[in-house]
Amino acid sequence: MPPAEPPRLHIHGLTKRFPGVTALADMTLTVRPGEVHALLGENGAGKSTLMKILSGVLKADEGSIAVDGEALTLRSPLAARRAGIAMIHQELQQVPELSVAQNMFLGRSLRRAGLFVDRARQEALAAEALAPLDPSIRPEAKVRSLTVAQRQIVEIARALLDKARIIAMDEPTSSLTPSEFERLAAVIAGLAARGVSIIYVSHKMDEVFKTCSRATIMRDGRRVGEVALAGTTEGAVVAMMVGRELAAAAHRSSVRPETVLSVRGLTAGTRVVEASFDLRRGEVLGIAGLIGAGRTELLRLIAGADRAESGTIAVNGRPLTRPGPRAAIAAGIGLVPEERKRDGIVPQRSMVANLALPSMARFAPRGLVRRRALRAEAARLLAEVNLRPMQIDRPIRLFSGGNQQKGIIARWIAAGSQILLFDEPTRGIDIGAKAEIYGLIERLAAEGKSVIVVSSELPELLRLSDRVLVMRQGRIAAELGRDALTEQAIVAHAVPQSVPRSGRAA
Amino acid sequence: MSTVTEPPLAGNAAPSPGPAMRLRVSVRDFGTLIGLVLIVLVFAVLAPGFLTERNLLNILQQSSINACVALGMTLVIVSGGIDLSVGPVAALSAVLAASLMVAGAPPGLAILAGLALGAACGAVNGALICFGGLQPFIVTLGTLSTYRALALIATDGNPVFGVPRDFRAIVNGSLFGVPAPVLVVLVVAILAGLILRRTPFGEYLLAVGGNEEAAHIAGVPIALTKIGAYMLSGTLAALAALILVGRLGAAEPILGNLWELDAIAAAAIGGASLMGGKGSIVGTLLGAVILGAMRNGLTLMNVQAFYQLLATGLIILFAMLVDRFARGRA
């Protein structure tokens with residue numbers, strides 16, 4: 001063990017078994033005071049199990065946890081909180097209709113005469129905790145009115161009220177814009193400077209390298225290594241995570257001359273304004289832009305999930321006349337949404353039922369579903385997308401994010417879709433599955449299907465796209481061909497103030 | 001306990017034996033069955049005359065009306081909704097069918113008219129929910145009063161007497177010793193099971209109740225699916241009303257009071273989730289029989305009505321608690 005000062009957090013020999021799987025095996029993790037420590041690993045590596053044990057939700061079968069040299073048994077979430085361990089979840093657990101201060105004191109409100117909530121004191125204390133983080137957040141504002149980034153700050157402030165010594169953050173930036181990420185990074189650095197230790201769980205390597213000083217890498221429930229991030233590279237870390245080197249594949253183009261999709265003047269309020277573009281057969285068209293630039297909205301309009309006020313969508317020269325997803329699906333359009341849990345899957349239904357949803361009519365030509373035919377085809381398609389585990393009757397919610405995504409892709413292959421719309425296709429998906437999703441998108445294009453990819457990850461767009469549209473404030477601000485495609489060019493067109501009104505680049 | 005109660009779309013890779021729905025009993029249904037067996041065993045000991053063939057058939061007959069309503073309710077609950085208006089819908093249909101028969105219409109026509117009115121009432125519920133953008137609870141709470149009022153207004157509050165003998169004979173008849181209402185409900189249950197497990201509509205019900213937004217994007221016709229569920233619920237409420245009219249020989253405008261609660265109870269005991277996306281036809285049937293057996297047994301034991309109500313309440317809470325703990329905390 002290093003010097004005189006005990007580590008802030010020392011986890012040793014932690015083991016957790018579930019029926020059939022060992023989620024954690026002899027796991028070790030050491031975090032120093034005031035350190036920002038990344039916890040890295042693919043989905044299923046055991047990070048969430050470790051976080052759950054650390055927050056007192058689950059109990060370990062073996063092993064020890066010590067905070068500042070003091071051994072602890074974390075019997076309940078309350079015990080973890082008392083020990084100074086706070087958890088900031090990926091999906092924030094707040095009550096939108098209550099105020100910031102009410103949320104911060106939820107379940108432990110300050111009382112006057114033991115009966116009445118002392119709002120004034122709560123709000124004063126909340127303001128005090130918020131001041132060093134983001135003074136613009138008013139304690140009396142309703143949480144509903146805050147941005148996701150601000151809500152996160154509220155959670156952090158709440159942790160500080162608890163005198164947290166360790167704050168664990170699970171994918172904290174998954175819905176933040178780049179500028180919001182910069183703010184959060186500054187807040188994290190400030191916390192570390194005050195001696196708070198941060199455990200930072202993320203899939204985004206560039207952010208991890210910017211925010212954290214050391215990283216513990218997990219695979220299959222074990223620690224495979226601990227590294228100082230200053231002395232290593234993203235490639236080396238990823239190789240440790242997946243246990244092999246990932247080939248950085250070059251872009252492959254399968255664009256053919258025919259136009260399959262023509263969008264003209266598509267408008268919905270101020271979210272999407274006068275969007276016009278063509279998509280060719282076998283093309284992968286990237287759409288870049290900041291969050292709120294109208295990218296998701298544009299995809300939803302094309303997929304029929306929302307209704308446009310004006311404009312036309314034509315597939316193979318035939319305009320879509322009826323609104324709604326059914327008409328779009330019949331025309332060969334399929335949407336792979338960003339929020340899988342909310343918009344993609346029916347969680348308790350099986351993989352095969354989720355796959356068959358848009359194609360039910362085809363699988364039930366005379367009213368009753370032909371289950372054998374359906375299962376045979378589903379098994380074939382799911383094997384093609386490399387579903388793991390290959391259990392088509394398993395409820396889809398039990399699959400990892402990457403495998404749910406494969407199921408949704410297989411759904412549209414089964415429906416015979418010719419145009420696939422991907423909204424942040426690899427969000428919340430681990431690195432190994434990410435490469436598989438890229439491979440699938442490229443294969444779809446090679447087979448002559450056309451693809452639109454909305455992504456906030458510029459390397460992803462650069463890798464996949466034959467062409468990129470940059471959206472800004474609801475409009476298509478620029479079109480970048482493969483030759484003009486750089487991260488700098490995308491950012492220059494995506495950010496409102498930095499661009500002179502240049503119209504469209506080549 | 002397994003957490004998976006949803007039978008897969010097909011059992012396993014083995015070829016399916018035939019067109020008929022195989023009786024697939026999930027872990028959850030098995031639990032409901034054990035509950036029923038326990039209740040039967042207890043009453044077999046405590047209540048003399050409980051475990052006779054005649055009394056058991058009696059229980060099935062008494063349960064058939066609730067089972068019929070509860071099957072429709074199950075489909076609505078699976079779609080993520082609730083139908084509080086089943087009782088008044090039943091009353092309206094009963095009054096219409098009885099009045100037609102009293103006026104000399106052939107029973108067949110009167111039955112069709114009653115069922116059609118039930119379907120129409122359900123369609124109104126569904127349309128208000130889908131196109132009015134209102135919560136199912138609120139809509140059917142509103143139509144609960146509205147339909148009841150219409151039934152009372154149409155009859156001036158008086159029962160319709162004089163239901164013809166031939167109609168009553170159908171309802172009170174039996175085949176191989178099994179009462180006609182029991183057979184009717186069995187047929188309805190088989191059809192409901194086919195709908196839920198083997199048709200696109202059934203898959204849509206589960207999808208809409210499981211995640212409406214995802215179902216929408218996947219091309220499920222949301223409005224048609226929901227309206228269809230409420231129409232089936234209305235139709236089955238009407239069918240239950242016709243059975244009751246046949247038994248009583250009259251149609252009362254206050255008929256069906258609190259039917260919605262019994263039906264919801266049967267569905268919930270049978271494993272339907274009021275959050276939607278989950279429900280079992282076999283479970284609902286067992287749930288209805290559990291409630292019927294309880295009442296029958298307690299009556300045989302000469303237990304006061306107050307205590308019967310208490311027992312019903314406790315059995316519902318008990319079933320839900322067992323269910324909750326068997327599935328573990330979410």
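A residue is called buried if 20 or more other C-beta atoms lie within 10 Å of its own, exposed if 12 or fewer, and partly exposed in between, with C-beta atoms placed from the backbone. The legends below rest on a predicted model, in which local features need pLDDT of at least 70, side-chain atom pairs count only at pLDDT 80 or more, and totals for chains, interfaces and linings use all residues. Residues are numbered from 1 along each chain as its sequence is written, and chains are lettered from A and ligands numbered from 1 in the order in which they are written.

**View 1. Two loop residues with positive phi.** F176(B) has a positive phi of about 50° although it is not a glycine. Its place is the loop between β1 (174-175) and β2 (178-179) of chain B; helices (H or I, at least four residues) and strands (E, at least two) are DSSP runs, numbered from the N terminus. With 5 other C-beta atoms within 10 Å, F176(B) is exposed. E424(A), also not a glycine, has a positive phi of about 45° and is found in the loop between β19 (419-423) and α16 (431-446) of chain A. E424(A) counts as buried, because it has 22 C-beta neighbours inside 10 Å.

**View 2. A cis peptide bond in chain A.** Look here for the bond from R388(A) to P389(A), which is cis with omega near -10°. P389(A) sits in the loop between α14 (371-384) and α15 (401-414) of chain A.

**View 3. The largest nonpolar core.** A nonpolar core is a set of buried Ala, Val, Leu, Ile, Met, Phe, Trp, Tyr and Cys residues joined through C-beta atoms within 7 Å. The largest one has 182 residues, and those with the most contacts inside it include L421(A), C68(B) and A240(B). Helix α10 (residues 222-248) of chain B gives the largest share of this core, 16 residues. Beyond its neighbours within four places in sequence, L421(A) is in contact (C-beta atoms, placed from the backbone, within 7 Å) with residues including L299(A), I333(A), V336(A) and I452(A).

**View 4. An open sheet in chain A.** Four strands line up in the order β2-β1-β4-β5 (chain A), with antiparallel pairing; two strands pair if DSSP finds at least two bridges between them. The edge strands, each pairing on one side only, are β2 (21-31) and β5 (70-72) of chain A. Strands β1 (residues 9-18) and β4 (residues 62-67) of chain A share five bridges, and I11(A) stands opposite I65(A) in β4(A).

View 5. Strand β16 (residues 310-315) of chain A is joined by five bridges to the antiparallel strand β13 (residues 259-268) of chain A, where V263(A) stands opposite I313(A). β16(A) also pairs over two bridges, in the antiparallel sense, with strand β17 (residues 318-319) of chain A. V315(A) has R318(A) as its bridge partner. Two residues lie between the strands of this β16(A)-β17(A) hairpin, and N316(A) in the turn has a positive phi of about 50°.

**View 6. The buried side of helix α18 in chain A.** I490(A), H493(A) and A494(A) are buried in helix α18 (residues 487-494) of chain A. These residues cover an arc of only 100° around the axis, so they are on the same side of α18(A); the arc is that of the directions from the helix axis to the C-beta atoms. The elements that the buried residues of α18(A) pack against include β15 (284-289) and α17 (458-464) of chain A.

How values were computed: Contact = placed C-beta atoms within 7 Å.
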